[in-house]
Amino acid sequence: MTIAVALIFFALVALSVPMAIGLGLASAAVMAWLSPFPLSTVFQRMIAGMDSFVLSAIPLYILTANLMNAGGITDRLFLFVRRLVGHFPGGLAQANVGANMVFSGISGSAVADAGGLGNVMIRAMREQGYRAEMAAGLSAAASVIGPIIPPSIPFVIYGAMAEVSVGKLFAAGILPGIAIGLAMATFIAATSRRNGYPRDRRATLVEVAKSFRESILALLTPVVIVGGILGGVFTPTEAAAVAVVYAFVISMFAYRVIRWKDLPGILLESMVTSSIVLFMIATVSSVSWLMAVEGAGTTFVAALKAVSTEPWVILLMINAGLLVLGCLVESGAILILMTPILLPLVTSLGIDPIHFGVVIVLNLMIGVATPPVGMSLFVVAHVARIPLEGVMRAVLPFLVPLLVVLVLVTYVPSLSLWLPNQLFR
Amino acid sequence: MNVLDAAAVSIHGLSAKANRVTELALLPLTVAFVAIIFSSVLTRFVFHYPIVESVELSRLAFVWAMCLASAIGIYRHAHVAIFNLRDRMPPSWRRGVVIVVHLLCAAFGGLMAVYGIELSVRVWPTTFPTLGWSQAWLYLPLAVAGVLIALHGVSHALAPQDVAEP
């Protein structure tokens with residue numbers, strides 16, 4: 001049944017059927033013709049997949065980011081980071097990575113970061129003489145940081161699927177997220193002379209202080225979200241709702257950058273963007289159920305264990321498989337399909353589910369920035385108004401630091417587990 | 001104007017109006033969804049009075065909002081799809097593929113509508129533990145979104161190429 005679902009799904013997607021509908025049609029066809037279960041099971045599973053208090057955080061994080069983006073608060077954050085690091089080798093490229101690290105504390109989605117921040121940064125980098133393809137490729141690669149540093153939509157999905165604490169996952173992502181930022185910054189510094197990247201003059205203390213003052217309220221958003229969750233004040237979903245209200249208040253009343261008439265558009269855009277992920281989660285839930293009923297997971301685990309029972313070899317195979325899958329299929333769908341299959345395998349090998357959560361999410365987020373179908377690549381090519389092929393080539397060097405950190409995160413569990421172990425005793 | 005063109009125009013108009021109504025319904029639903037969760041935090045910490053119904057209410061608002069937004073996504077061609085193969089086809093083939101894809105979307109919407117109603121009827125006697133409302137409210141958005149997706153799918157399939165093709 002699983003193979004039939006996969007074949008029908010890929011045939012439909014090749015025809016350009018939306019992925020969510022393709023998953024739904026494939027599972028409906030298999031349920032109707034190849035399984036003993038009633039067709040209504042597909043639709044019952046769709047609602048069961050979506051009906052989750054944890055998952056309801058997703059539209060709220062997207063709404064928070066859109067409220068910030070709509071009023072140009074993103075520009076203030078970027079300017080602040082530019083003042084801080086713009087004079088380093090590779091100036092604006094460094095600011096791009098730094099701004100992604102800061103904005104990742106507000107948004108939880110790589111694609112949202114690529115679209116929101118990418119737009120601002122690609123424009124600034126082009127004005128300073130960077131090639132548009134390089135600026136877009138870097139923006140796509142740096143957007144990977146977004147869902148690793150909390151809040152994170154993929155961590156919310158993984159937490160719901162694996163039934164582990166989203167708060168612990170958020171804490172586990174902080175150090176790997178910083179590691180990615182540092183690795184990318186080092187890579188840019190090392191290659192900036194050869195590539196002739198320009199840099200800003202060093203900003204004066206007054207300029208830094210001014211840009212800090214102008215962005216301080218926005219910079220406090222991650223403190224509200226992450227501090228609230230880690231401090232046990234509220235759940236990740238409640239933190240997301242508090243962040244929405246906070247973003248609304250500062251955009252509307254403190255910065256006065258959005259007006260009442262802008263709100264319907266922001267609300268609708270956020271809900272439609274969220275539904276793209278949630279509709280896929282709904283339809284993939286029925287596929288996941290079919291796979292569980294058929295025991296596809298057990299077969300898959302047995303096949304992997306037949307190759308090796310060494311944890312490092314299994315993790316290597318999982319990483320390779322996820323990187324390939326992440327380049328071809330939407331990351332949320334893979335997360336829902338693969339988490340129930342892989343989790344029993346890795347926990348049986350003694351791997352912590354929180355650590356594995358960081359590994360699987362990082363793999364899939366690298367996929368988001370990897371050709372041929374990495375979503376961030378499409379988004380940055382669209383906002384930069386340049387051909388996709390150029391971005392696909394330009395992103396490749398920036399995948400090197402991401403892959404280095406992936407190896408570190410995979411084989412040094414304490415990089416992910418140290419912080420949650422300190423905070424959640 | 002032949003019969004098919006007239007039908008296409010009226011279905012297209014109906015699809016646009018239905019989408020506008022869906023958008024108007026989604027706005028207060030979204031505000032309510034945020035307000036429910038935020039107020040539950042506020043009442044718990046400020047007034048030490050947790051609203052026990054808030055989790056079920058917010059889940060309901062969330063499922064309704066996402067189902068309606070999914071239908072708007074179909075209307076706007078917003079859902080993730082891969083066009084590499086389709087865009088390399090000769091124009092005559094491409095037009096055929098576009099129509100088939102929209103009809104497949106409409107068919108899935110039709111299935112959502114039929115089974116959404118069936119499930120709603122089946123679970124009608126069962127209720128949410130704290131709200132006391134019928135569980136049918138959880139499955140009804142599937143039916144509503146299904147009808148909308150079917151309508152938008154047929155409308156796109158009948159529309160001229162520049163409208164039908166994202």
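Helix 3 of chain A crosses helix 5 of chain B in a right-handed manner. The structure is a predicted model, and the values below are computed from its atoms. In this pair, residues 40-50 of chain A pack against residues 136-158 of chain B, with the helix axes 10 Å apart and at an angle of about 110°. Angles of 65 to 115 degrees count as roughly perpendicular, and helix 3 of chain A and helix 5 of chain B are therefore roughly perpendicular to each other. On the chain A side the contact is made by A:F43, A:Q44, A:M46 and A:I47, which meet B:L138, B:Y139 and B:L142 of helix 5 of chain B. By class, the residues of this contact are six nonpolar, one polar and no charged.

Taken as a whole, the interface involves 50 residues of chain B in contact with 50 residues of chain A. About 4700 Å² is buried between the two chains, and carbon and sulfur atoms give 82% of this area. Within chain B, the residues that lose the most area to chain A are B:V80, B:I82 and B:F108, which together account for 16% of what the chain B side buries.

Charged pairs also occur across the interface. Side chains of opposite charge can pair when their charged atoms come close. Three salt bridges are counted between chain B and chain A, and the count over all chains is 13. A salt bridge is formed by the side chains of A:E238 and B:R44, with an N to O distance of 2.8 Å. A:E238 belongs to helix 13 (residues 236-254) of chain A and B:R44 to helix 1 (residues 3-45) of chain B, so this pair joins two chains. A salt bridge also links the side chains of B:R76 and A:E269, at 3.4 Å from N to O.

A further arginine of chain B, B:R59, is located in helix 2 (residues 54-75) of that chain. B:R59 and B:R76 are 17 residues apart along the chain, and their C-alpha atoms are separated by 25 Å. When neighbours within four places in sequence are left aside, the contacts of B:R59 are A:D51, A:S52 and A:F53 in chain A, together with B:F128 in chain B.

Helix pairs within chain A were examined next. Helix 9 (residues 153-162) and helix 10 (residues 166-195) of chain A have axes that come within 9 Å and cross at roughly 140°. The two helices are therefore oblique to each other, and their crossing is right-handed. Helix 9 of chain A contributes A:F155, A:V156, A:Y158 and A:G159 to the contact, and helix 10 of chain A contributes A:V166, A:L169, A:F170 and A:G173. Six of the contact residues are nonpolar, two are polar and none is charged.

Helix 16 (residues 311-328) and helix 20 (residues 388-411) of chain A likewise pack at an angle of about 140°, with their axes 11 Å apart. The crossing of helix 16 and helix 20 of chain A is right-handed. The contact is formed by A:W312, A:L315, A:L316, A:N319 and A:L323 from helix 16 of chain A, and by A:L403, A:L406, A:T410 and A:Y411 from helix 20 of chain A. These contact residues comprise seven nonpolar, two polar and no charged residues.

Two backbone features in loops of chain A were also noted. The peptide bond from A:P150 to A:P151 is cis, with omega near 0°. A:P151 is placed in the loop between helix 8 (132-142) and helix 9 of chain A. A:R256 has a positive phi of about 50°, although this residue is not a glycine. The loop that holds A:R256 runs between helix 13 and helix 14 (263-294) of chain A.

Notes
Residues are numbered from 1 along each chain as its sequence is written. Chains are lettered from A and ligands numbered from 1 in the order in which they are written. This is a predicted model: local features need pLDDT of at least 70, side-chain atom pairs count only at pLDDT 80 or more; totals for chains, interfaces and linings use all residues. Side-chain values use heavy atoms; hydrogens and water are left out. Axes are lines fitted to C-alpha atoms, for helices over the stretch in contact, and angles run from 0 to 180 degrees between N-to-C directions. Helices (H or I, at least four residues) and strands (E, at least two) are DSSP runs, numbered from the N terminus. Angles under 35 degrees count as roughly parallel, over 145 as roughly antiparallel, 65 to 115 as roughly perpendicular and the rest as oblique. A crossing is left-handed if the near helix is turned anticlockwise from the far one by less than a right angle, and right-handed if clockwise. Contact means heavy atoms within 4.5 Å. Ala, Val, Leu, Ile, Met, Phe, Trp, Tyr, Cys and Pro count as nonpolar, Asp, Glu, Lys and Arg as charged, and the others, Gly among them, as polar. Buried area is the accessible area (1.4 Å probe) that two parts lose on being put together, summed over both. A salt bridge is a side-chain nitrogen of Lys or Arg within 4 Å of a carboxyl oxygen of Asp or Glu.
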